[in-house]
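This report looks at a protein chain together with an RNA strand. Please have the sequence and the 3D view at hand while reading.

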Amino acid sequence: MNEDLGAAEAALVAARRANLAALRSRGNDPFAQTRYDVDASAAELRAAYAALEPERKAEGEQRSIAGRIMSKRRMGKTLFADLRDRTDRLQIYVRKDDIGPERYEDWIDLDIGDLVGVRGYMFRSKMGELTLHVLDFAVLAKALAPLPDKWHGLTDVEKRYRQRYLDLIVNPEVRDAFAARSTIVAEMRRFIDARGFFEVETPTLLHVAGGAAARPFLTHVNALDQSMQLRIATELNLKRLIVGGLERVYEIGRIFRNEGIDTTHNPEFTMLELYAAYWDVHDMMEFNEALVAHLVAGVTGGLNTLRHGERTISFERPFARIGYLEGIARYGGFERERLLSPAGAAAILEELGLPPSPAHGHALDKIFEHVLEPHLVEPTFVTDYPVAISPLAKRKKDDPELVDRYELFCANFEVSNAFTELNDPDDQRARFEAQVRERAGGNEDIPEPDWDFVRALEYGMPPTAGIGIGVDRLVMLLTNNPSIRDVILFPLQRQHG
RNA sequence: GCGCCUUUAGCUCAGUCGGUAGAGCAGCGGACUUUUAAUCCGUUGGUCCUGGGUUCGAGUCCCAGAGGGCGCACCA
């Protein structure tokens with residue numbers, strides 16, 4: 001079974017198997033264990049005994065923890081080892097005199113990576129380290145494969161992603177980032193639930209994936225013998241629920257887009273979408289600002305600033321606001337009339353030295369990215385988008401070429417996108433028809449229209465505001481990680497032998 | 001898709017001008033009853049990513065390919 005291993009690795013595995021056999025020969029089969037009574041975590045013990053003075057022992061109280069052996073320092077008839085559990089690392093101390101010569105042999109046969117449960121009392125060593133003096137223990141599982149280097153850890157990025165379990169074992173900051181993600185998402189739910197929203201789950205398999213401009217993944221349902229698509233947004237189904245009277249709904253769900261992979265894009269990612277009947281885009285902005293400020297305070301222990309790379313970003317409310325056209329005029333000097341006409345926007349692209357765009361909306365996106373986005377470091381609401389790039393948003397009452405929409409930018413990327421939802425079925429139908437023409441013109445990123453969505457609007461949708469937040473990118477921001485792969489446990493990698 | 005970088009022991013990395021492949025950690029054997037990257041003595045371990053080519057001789061030079069990272073392009 002080890003034919004695919006190199007000789008050196010095979011020898012390491014063989015040594016561990018020999019240790020496993022030795023443990024079993026003493027009636028101590030690690031894989032026969034089913035449970036262990038754990039009454040503390042490493043972090044709890046560190047906190048509970050923080051005041052213990054050097055060389056003092058808390059002999060009266062026995063505590064037990066379980067974890068993985070990360071290092072072992074043998075000194076003849078005693079040994080020190082470091083145990084790691086989900087919370088922290090804790091040093092343990094084992095003496096031959098305490099457990100007897102035969103059980104001490106077990107510790108010689110234990111390897112780095114093995115899982116043990118230990119019970120004993122806490123003391124502080126001569127060197128000042130809090131340590132658990134082991135009086136009893138159980139071997140709970142054996143690591144037959146050798147772990148990466150205890151000091152350098154695992155730095156090979158490819159291996160870290162392909163074997164994330166190794167990354168999590170040896171790189172504590174990786175575990176911390178994913179623990180932070182869990183906390184952030186939980187806090188997000190609490191914040192939303194407290195405002196009376198229903199959490200719902202809508203299908204990922206759809207006949208027509210819509211609600212965004214992106215290429216979908218294609219699949220096939222055998223039972224129906226029909227081709228289907230993986231969703232690229234949850235928007236249309238969530239608004240159907242608003243039509244259905246649920247009034248306040250949200251979904252935190254996996255979205256799939258069959259597009260490029262880079263430091264801010266993974267083909268499957270997590271999006272929060274939330275819709276509130278009787279809110280408009282201003283209510284949503286208020287909500288959005290409160291949510292982000294709350295999460296920043298949560299991860300920083302109450303601060304309103306975040307470290308991002310070399311800089312510090314302030315999230316003091318209110319966040320900056322700038323109009324879409326106003327911003328492009330301020331930083332690029334391009335005027336509204338040119339931007340809002342397809343020919344004018346195409347001419348601006350040329351002036352900027354950018355390649356021509358297939359459509360007006362695309363040209364606007366490119367101009368925005370080059371002119372305004374580089375300036376958006378502090379959290380900033382960009383408001384009042386052109387209708388050409390907002391097919392699902394409601395027009396501004398006094399300015400029908402623009403829509404009641406904003407995007408929140410921070411650290412030069414989009415954190416959220418929100419608008420007052422278009423609820424006029426005739427306008428929606430007209431915009432879908434425009435998309436049909438654009439799609440016929442060769443833009444494959446434009447989805448097929450979802451005509452049943454127009455039918456839903458015909459039954460009446462209350463005035464509603466909606467928002468989408470890229471959860472992965474928000475976690476990147478909140479945990480100061482530069483790549484989306486740092487906040488996705490198993491990022492997509494090419495398959496190889 | 002394009003460009004740059006990268007791939008050597010289980011892990012982290014050296015490898016000069018093309019001349020028999022190295023270190024630390026881990027492992028193995030030994031000493032050591034408060035160590036902590038424990039220490040000390042001894043020692044095993046290689047598909048140098050793959051396939052071609054040049055050469056008396058290739059980890060090293062050339063070509064092609066594969067994986068990965070970064071940048072650009074793409075991408076609400």
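## The surface near the RNA

Helix α1 supplies the largest share of the surface near RNA strand B, with six residues. This is a predicted model. Other elements that give two or more residues to this surface include the strands β1 (63-75), β2 (78-84), β3 (89-95) and β18 (413-420).

In total, 55 residues surround RNA strand B, and the closest are A8, K150, A213, H265 and R494. Of the RNA atoms that come within 4 Å of the protein, 60% belong to sugar and phosphate. By residue type, the surface near RNA strand B divides into 23 charged, 18 nonpolar and 14 polar residues.

## Two domains

The domain assignment of chain A gives domain 1 (2-147) and domain 2 (170-319 + 378-486). Taken over C-alpha atoms, the centres of domain 1 and domain 2 are 47 Å apart.

## The nonpolar cores

In soluble globular proteins, nonpolar side chains tend to be buried together. Here the largest nonpolar core has 46 residues. Within this core, M284, F315, Y406 and L477 have the most contacts. Elements supplying at least two residues each include α7 (172-193), β10 (248-256), β17 (399-410) and α16 (471-479). The largest share, nine residues, comes from α9.

F315 can be followed to its partners: leaving aside neighbours within four places in sequence, F315 is in contact with V292, A293, V296, N304, L306, P379, C410 and L477. Apart from this core lies another, of 40 residues, among them I322, L354, F409 and F432.

## A buried helix

Why is α16 largely enclosed by the rest of the structure? Eight of its nine residues are buried, so α16 is largely enclosed. The buried residues of α16 are V471, D472, L474, V475, M476, L477, L478 and T479. Just after α16, N480 takes a positive phi of about 55°.

Conventions
Residues are numbered from 1 along each chain as its sequence is written. Chains are lettered from A and ligands numbered from 1 in the order in which they are written. This is a predicted model: local features need pLDDT of at least 70, side-chain atom pairs count only at pLDDT 80 or more; totals for chains, interfaces and linings use all residues. Side-chain values use heavy atoms; hydrogens and water are left out. A residue is near a molecule or strand if one of its heavy atoms lies within 4 Å of it. Helices (H or I, at least four residues) and strands (E, at least two) are DSSP runs, numbered from the N terminus. Ala, Val, Leu, Ile, Met, Phe, Trp, Tyr, Cys and Pro count as nonpolar, Asp, Glu, Lys and Arg as charged, and the others, Gly among them, as polar. Domain bounds come from an automatic or database domain assignment. A nonpolar core is a set of buried Ala, Val, Leu, Ile, Met, Phe, Trp, Tyr and Cys residues joined through side-chain atoms within 4.5 Å. Buried means under 20% relative accessible area, exposed over 50%, partly exposed in between (1.4 Å probe, protein chains only). Contact means heavy atoms within 4.5 Å.
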